[in-house]
Amino acid sequence: MTPDADLLTLASPRHGHFRLESGHHSNLWLDLDALFVQAATVRPFVTRLARALRRHKVAGVCGPLIGGALLAQVLATALKVEFFFTERVMLGEGEGLYQAQYHLPRAARSRVRDKRVAVVDDAISAGSAVRATYLALREHGAEPVVVGALLVLGSAASPFFGETGVPIEAVSRVPFDLWVPAECPLCASGGALQDP
């Protein structure tokens, strides 16, 4: 089995019609919380990501709660750097894209200032959580220099980070169907959104 297939299997994929945190629709849902239930299973993938992040000479690793923060803590330990996390404080109003907001806890805000930080998440599709984490870090004077993920689904997150000059490091990259609601073929065929 390839690393891509291994990671997808560990994330217990389900097919259907789902609304993601970013506001996009997809036909695939991953149970990402399952990735860290048995840490030994995901350890080889974390080791590969730590190697990729090491060359960016970061002083800290930050991930959005929950899965990104779990990954960030393990990576920070492996890289011998500081660990930070962000918390989702708002899902957003209405039906627009990228409305979720993540904030750094008050105690971390002064600690990130002027630090080179890796923003990480267990999996990235549209990149809603890592985008919001990136913005929270910048707001408090950090310098996000790389985004890392165990699994990158599709390429929807690439334009935002390409414009900022921040590379995305990933253990695995797999194709992924992602649509804005107005262009979703599942909606067009009358399929109801499912609650994952």
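Predicted model: local features only at pLDDT ≥ 70, side-chain atom pairs only at ≥ 80, totals over all residues.

Trainee: How do I read the pairing, and in which sense do β3 and β6 pair?

Mentor: Strands of a sheet pair through backbone hydrogen bonds, either parallel or antiparallel. Strands here are DSSP runs of E with at least two residues, helices are runs of H or I with at least four, and both are numbered from the N terminus. Two strands pair if DSSP finds at least two bridges between them. For β3 and β6 the sense is parallel, over three bridges, and G60 faces V117 of β6.

Trainee: Which strands form the open sheet, and in what order?

Mentor: The order is β1-β2-β9, three strands with antiparallel pairing. Its edge strands, β1 (14-19) and β9 (178-179), each pair on one side only. Four bridges connect β1 with β2, where F18 stands opposite S26. In the hairpin of β1 and β2, five residues separate the strands, and G23 takes a positive phi near 100°.

Trainee: Back to β6. Why does D121 count as buried?

Mentor: D121, a residue of strand β6, is buried because its relative accessible area is 9%. To see what surrounds a residue, look for contacts, meaning heavy atoms within 4.5 Å. Not counting residues up to four places away in sequence, D121 touches P64, G67, G68, L71, A129, V130, G148, A149 and L150. There are also polar contacts to look for: N or O atoms within 3.5 Å, where within protein one must be able to donate a hydrogen and the other to accept it, and residues adjacent in sequence count only through side-chain atoms on both sides. The side chain of D121 reaches the backbone nitrogen of G68 at 3.2 Å.

Trainee: And which side chain has a polar contact with E169?

Mentor: That partner is R55, at 2.7 Å. E169 is in strand β8 (residues 168-174) and is buried at 13% relative accessible area. Leaving aside neighbours within four places in sequence, its contacts include L49, V147 and H56. H56 lies in the loop between α2 (39-54) and β3 and is buried too, at 14% relative accessibility.

Trainee: Is L193 buried, exposed or partly exposed?

Mentor: L193 counts as partly exposed, because its relative accessibility is 43%. L193 comes in the segment after α7 (185-188) and, beyond residues up to four places away, touches H17, F18, R19 and H25.

Trainee: Last topic: how many residues line the largest pocket, and which lie nearest its centre?

Mentor: A pocket is an open set of points on a 1 Å grid over the protein atoms alone, where a 1.4 Å probe fits, with protein on both sides within 12 Å along at least five of seven lines; lining residues have an atom within 4 Å of a point. Here 35 residues line the largest pocket, and E21, W29, L32, R88 and Y102 lie nearest its centre. Elements giving two or more residues to this lining are β2 (25-29), α3 (67-79), β6 (116-124) and α5 (128-139). The largest share, four residues, comes from β6.

Trainee: How do the lining residues divide into nonpolar, polar and charged?

Mentor: Ala, Val, Leu, Ile, Met, Phe, Trp, Tyr, Cys and Pro count as nonpolar, Asp, Glu, Lys and Arg as charged, and the others, Gly among them, as polar. On that scheme the lining of the largest pocket has 17 nonpolar, eleven polar and seven charged residues.

Definitions and conventions. Residues numbered from 1 in each chain as written. Heavy atoms only, no water. Buried < 20%, exposed > 50% of the residue type's maximum accessible area, 1.4 Å probe, protein only.
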